[in-house]
Amino acid sequence: MQSTVPSLASIENWPVPTAAAAVVRADGTVAGSHGPTRQRFPLASVTKPLAAYAVLVAYEEGAIDLDEPAGPEGSTVRHLLAHTSGLAFDENRVMAAPGARRIYSNTGFEALGDHVAKATDIPFAEYLHQAVLEPLGMTSTTLEGSPAKDGVSTVDDLVRFAAEVQAPRLLDARTVLDAMTVTYPGLTGILPGYGHQKPNDWGLGFEIRDSKSPHWTGATSSPRTFGHFGQAGTFLWIDPDAAAACVALTDRPFGPWAVEAWPPFTDAVLAELRAG
């Protein structure tokens, strides 16, 4: 395809065995892609936005309410989505009162999956499939374990998801606006791989860039940019000011190589989108 984002080809210079990337505009058109976009990659924590979207579908369907109890005592669905339930990162241990700190928690997303499964009487992986994956035609995406980190997908499928988030059909646009708006503002916390952030802002299942530094997006990414990255060397960002989203999947774990490579890559993509 003719790409208006030639900088996508720079993924060839990343120190990874395999990488694929694409940019999709807010109107759903693919501005460009590079690499094996049909290859399935483990997503790691890029699973979380998919899981969160399914939770929000359950909310809109009336199966759950965002402010009903879920997780540890005093916590709600909203707390779990926003990483403010107080649950530890990877164990079922309460480390803070709900709403007091931003503690990034895989356990919290597993609690969300259990909560939706119980409310709908459908295993969460199947609910995700019925609520999000199937309607969007994400036929190469599966959840093979934890709703926090065990998704497997392709760039082509995540482009469909990124297009949906930018122009929602499965959810009311107001619900998506809530998901990309800071929930419990002002809380501090650790952004995995990037250290302590004050504030460490999140929406509902999506991390929000704001003025975080250092960060995995670009220096020219707008503060409204939201998305997620994964320890599998994967990311998805959506920049409302650029009216575009970018997906990149690799088969090398996140590390210093990604900290170094991703921000200038994003800045180059954004520069070409502005020029185009």
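Mentor: What follows looks at the core and then at some charged pairs. This is a predicted model, where local features need pLDDT of at least 70, side-chain atom pairs count only at pLDDT 80 or more, and totals for chains, interfaces and linings use all residues. Residues are numbered from 1 along each chain as its sequence is written, and side-chain values use heavy atoms, with hydrogens and water left out.

A nonpolar core is a set of buried Ala, Val, Leu, Ile, Met, Phe, Trp, Tyr and Cys residues joined through side-chain atoms within 4.5 Å. Buried means under 20% relative accessible area, exposed over 50%, and partly exposed in between (1.4 Å probe, protein chains only).

The largest nonpolar core has 55 residues. Leu81, Val132 and Phe161 touch the most other members. Helix α1 (residues 47–60) gives the most to this core: nine residues. Helices here are DSSP runs (H or I, at least four residues), numbered from the N terminus.

Now take Val132. Beyond its neighbours within four places in sequence, Val132 is in contact (heavy atoms within 4.5 Å) with Leu50, Tyr53, Ala54, Val57, Tyr127, Phe161 and Leu170. A second, separate core holds 29 residues, among them Val16, Ala31, Phe254 and Ala261.

Next, the charged pairs. The structure has eight salt bridges, each a side-chain nitrogen of Lys or Arg within 4 Å of a carboxyl oxygen of Asp or Glu. One joins Arg93 to Glu91, with the closest N and O atoms 3.1 Å apart. Arg93 is partly exposed at 41% relative accessibility, and Glu91 is partly exposed at 40%.

Methods: Helix = DSSP H or I, 4+ residues; strand = E, 2+ residues; numbered from the N terminus.
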